Amino acid sequence: MTIYIVHSMFLTVVCVLNVIQLVRGQTIIPMYVQSDASVTLTCPADDQATTLTWTGPGSNLYVTGTIVEAGLDNGVKSRISVGHSGGSYTLTFTEFRAWDTGIYTCQVDGTVGLQMVIVQGGRSASSVYVRRGGAITLNCPNTDGTAQWSVTSPSVFIYTIGTDINPSISNSLRTRLTVDIHNGTYSLGISDVQLSDVWEYQCTIGVTDTFYHLLLYIPPVFPEIENTFAVNGQNRTRVTEDGSLTLSCNARGGFPVANVSWIKNNVYLAINDSIAKYTKVVTRADDRTMYRCQSSSPALTSPQTTSVLVYLDLKPGEPEIPEQVSQIENNNLQVVCTSTGSRPPANIQWNIGRKWLSSNSTDVMEPDSSTETYTVTSTLSLLVTRHNNGESVYCRASNRALPAGIESVTRTLTVLYRADINVSGKNTTYTSSKRLLTCAPDGNPNIYKFGRWKHTAEDGSEIRQLTGSSNSTHSVLTLPDPGVPRRYEDTGYYICIATNNVPDSSSSTSGSVFFVVEAPPLVITNATVINEQLGNNATIEVEFYSRPTVHLNDIKWTRNPSGLPPPVRALTSIVDRSLLVAFHGVDVHVKGYVTILRISILTELDFGDYTVTINNSIGVTNHTVKLLKAGPPPPPLYLLQKQTSVSSVTVQWIPASDDYQTQTFVIGYRSDVTHDYTDSDVIPDTRKSVVSYTIDGLTASSIYFIRIYAKNDIGLSNHRYINISTNAGDDCYEDLHSTRTALICVSIICGAGIVVGVVFVILIKRRTSSGCCCSSKTYGSHQKQEMTQKAVQRDTNPITKILIQVKFNTILLMQASQKVTWIQVWKMKGTTTKRSRKVLQNKYTTNLR
């Protein structure tokens, strides 16, 4: 509110002039005040206002809050006071004086609240207005008489008399004044009107006075557009695409009221006093359109303009995703969604299988400088499995212009995965010749290539490969018939291999089923004889394979031939055991059983045949084991020297048969100057007809005593001895093969035992003289020497084989001279069958006769 206060002869306000303008609901009027009278200026300000100021003429700060500025001139400071209560902020003069004339401005929290122009004057003056810096001409009727122009404040001061200007007026004012009498009018012209020209002017012609109150037009504030923000010095207003835009521009505080217009592309859109508004629904085409607000007033030399750029929040464009969305199982699916034309940048969300993902994507924003919009590309990275196959995939783009967002088209996710291979087959028995297995893969894509079927054992060993009958979706395997007794060998895992060409570390997958062909129990144990000593505990184990399963009550042990049960000291048990069995010619480990018969403290009556009967739901199997009385092995037969050098000797011997027990040999030697024998490492019985062994590291030209014995788990045999000399050239070039052959030939040709005996004695004597004979003496051993064994291979010559069959003829003669028993002959090496043993027994008995 601007209040004009005019100094008069009255103590109070004597008149109210026309209303000038409205500011914040307050009436702005000129005020006339008597000199030295009090006046109060009021500005609206609620009680919560915090920043309050009054500014006086010359823009000097008078008051801050309710405190008068300390630096204010004392002539003014002592005459003013300030108050703030009841919604008003007041400035009071106790004595208003001429030099207080000026503009008073109130600011409340930084906003101009009231402007006042206080002038001195009197009487009934006509108000005339001019803009600051403009020109005004004051006229009065020219009647006869003396004419003059003067101002009345603070006292009457004459400007002109007639057409003459008072020479005492300052030059700066005088140059702006003109006076003229023309056509009955006496006029005073003032150019470049300033605030200092605002007075009451009196035209006196004769006794007639004409009064004018010269007032300045008050320019409006610079046009202000509401709801704008500045970007690089440019005003912008933000509105949403397809939303309603309201532009409001005001030019307050002027007199007379400013004319305010909205202009676009030189087209006037809206015109109004003081405040102009323009409203429309904007589209994307209105983005970054410039609107200009213009205010016009007589107080202005030219219109004041300001502009605003309509800067839209633009909706994101419909996002796009690829037409094909696919990935291989257990790999990261990467799908790209792109939305263009958004401002601010769009936020993209992904929906997989009707579930919104909160993360898993990476967004990249690319600005377009020409449109100041954004293209947002979102890349979804998601580990997919076959469970995601067929799920829907789409993305949604949103920003504050489109909070609900806009969705892309929906795609169907294709997950490529290797097949789960389902293999099925109905178990059967050995009585059935029809056995089928089916392989049905489940993958994507569902077109397959099949490899050969694999048949493996329980331990994973491959037994065979088979070819099934296949098409693009499944394979059927018909098992070939190996024959009724061997159909159980079809039991095992059957592996089907297929591929649907899905790229992976391995493009083929497999599935398997364990297929069972049930059959009677199959005994795996080959041993039919067990040796055990009298008084020991005996354990008889029979391993067998059976499908279906077998339990302890399916096992029965009996003694043959009477079929009586085992001794009361016997215990029967059954345990699981992994067995080595031949399936279709391949040795594999399978889950089997072992039935165990334990007899404690063997007596003479416990030895004999034991038969186990194994029963399953398919059939019955029997197996018999002989329990024989065991003892130490017999000594090796006929130890002799084969070859001698200065540092070694090779000996050979015939192993005596130890029937069903495992025996080994130990050779010891000593020199004629030592007492202790040095024994060799254990020499295994290789089941060859003749065994050789070389002793190295001997001393030249020395006599050595050599012994040999056999041993098994029960004990040691008796020793056999020879003595040799390490003189060079003392080699014995005959071996046991040639000696045996010679004896047999002589016995055949002569046909008489005495002749054979004579020849045998001659040979023995010859070998003894050359160091090749055997000896029954026992000697001590000497320090250990390194020894190695060199076995003589079994002769494969047919003639030799025949001779080997009759080797016992020679050996019997030897044993006769050594008083061997029939039992020793029975256990000789090479009697591998009962029939050959019987023949030898008869020959042995005949010879004894």
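In the predicted model, Tyr 201 touches Leu 138, Trp 149, Ser 150, Val 151, Tyr 159, Leu 188, Ile 190, Thr 210, Phe 211, Tyr 212 and Leu 214, when residues up to four places away in sequence are not counted. Tyr 201 is also among the members of the largest nonpolar core, a set of 29 residues, that touch the most other members, and it is joined in this by Trp 149, Tyr 159, Tyr 186, Ile 190 and Leu 214. Two or more residues of this core are supplied by each of the strands β12 (126-131), β13 (136-141), β14 (147-151), β17 (177-182), β18, β19 and β20 (208-217). The largest share, 4 residues, comes from β20. In soluble globular proteins, nonpolar side chains tend to be buried together.

The side chain of Asp 197 makes a polar contact, at 2.7 Å, with the side chain of Arg 176.

On the surface, Val 156, Ile 158 and Ile 161 form a nonpolar patch whose accessible area together is about 240 Å².

The protein as a whole has 849 residues, of which 46% count as buried, and its secondary structure comes to 8 helices and 64 strands. Among contacts with a separation of 6 or more, 67% are accounted for by residues 24 or more positions apart. The accessible surface comes to about 41300 Å², and 51% of this surface belongs to carbon and sulfur atoms.

Gln 304 is placed in strand β29 (residues 304-313) and is buried, its relative accessible area being 17%. Once neighbours within four places in sequence are left aside, Gln 304 is in contact with Pro 220, Val 221, Phe 222, Pro 223, Cys 293, Gln 294 and Ser 295. Arg 400, by contrast, lies in the loop between β36 (392-399) and β37 (402-407), where a relative accessibility of 48% makes this residue partly exposed. Apart from residues up to four places away in sequence, Arg 400 touches Arg 238, Asp 313 and Pro 344, and its side chain makes a polar contact with the side chain of Asp 313 at 2.7 Å. Arg 400 and Asn 347 are 53 residues apart in sequence, while their C-alpha atoms are 9.6 Å apart in space. Ser 469, found in strand β44 (residues 469-470), counts as exposed at 53% relative accessibility. The contacts of Ser 469, with residues up to four places away not counted, are His 474, Ser 475 and Val 476, and its C-alpha atom is 9.9 Å from that of Arg 452, a residue 17 positions away in sequence.

The structure holds 23 salt bridges. In one of them, the side chains of Arg 284 and Glu 241 meet at 3.3 Å, N to O. Because Arg 284 lies in the loop between β27 (275-281) and β28 (289-296), and Glu 241 in the loop between β23 (234-240) and β24 (244-250), this pair ties together parts that are 43 residues apart in sequence. Arg 284 is partly exposed, with 36% relative accessibility, whereas Glu 241 is buried at 11% relative accessible area.

A further salt bridge is formed by Glu 458 and Arg 547, whose closest N and O atoms are 3.3 Å apart. Here Glu 458 lies in the loop between β42 (453-456) and β43 (462-466) and Arg 547 in strand β50 (residues 538-547), so the pair ties together parts that are 89 residues apart in sequence. Glu 458 counts as partly exposed, at 29% relative accessibility.

In the salt bridge between Arg 464 and Asp 490, the closest N and O atoms are 2.7 Å apart. This pair links distant parts of the chain, with Arg 464 in strand β43 and Asp 490, 26 residues away, in the loop between β45 (475-478) and β46 (492-499). Both Arg 464 and Asp 490 are buried. Finally, salt bridges that share partners join Arg 236, Asp 287, Arg 288, Arg 343 and Glu 372 into one network.

Technical notes:
Residues are numbered from 1 along each chain as its sequence is written. This is a predicted model: local features need pLDDT of at least 70, side-chain atom pairs count only at pLDDT 80 or more; totals for chains, interfaces and linings use all residues. Side-chain values use heavy atoms; hydrogens and water are left out. Buried means under 20% relative accessible area, exposed over 50%, partly exposed in between (1.4 Å probe, protein chains only). Contact means heavy atoms within 4.5 Å. Accessible areas come from the Shrake-Rupley method with a 1.4 Å probe; for residues, only the protein chains shown count as cover. A polar contact is a pair of N or O atoms within 3.5 Å; within protein, one must be able to donate a hydrogen and the other to accept it, and residues adjacent in sequence count only if both atoms are side-chain atoms. A nonpolar core is a set of buried Ala, Val, Leu, Ile, Met, Phe, Trp, Tyr and Cys residues joined through side-chain atoms within 4.5 Å. Patches are made of residues with over 30% relative accessible area and no salt bridge: like charges are joined within 9 Å, nonpolar side chains (Val, Leu, Ile, Met, Phe, Trp, Tyr) within 5 Å. A salt bridge is a side-chain nitrogen of Lys or Arg within 4 Å of a carboxyl oxygen of Asp or Glu.
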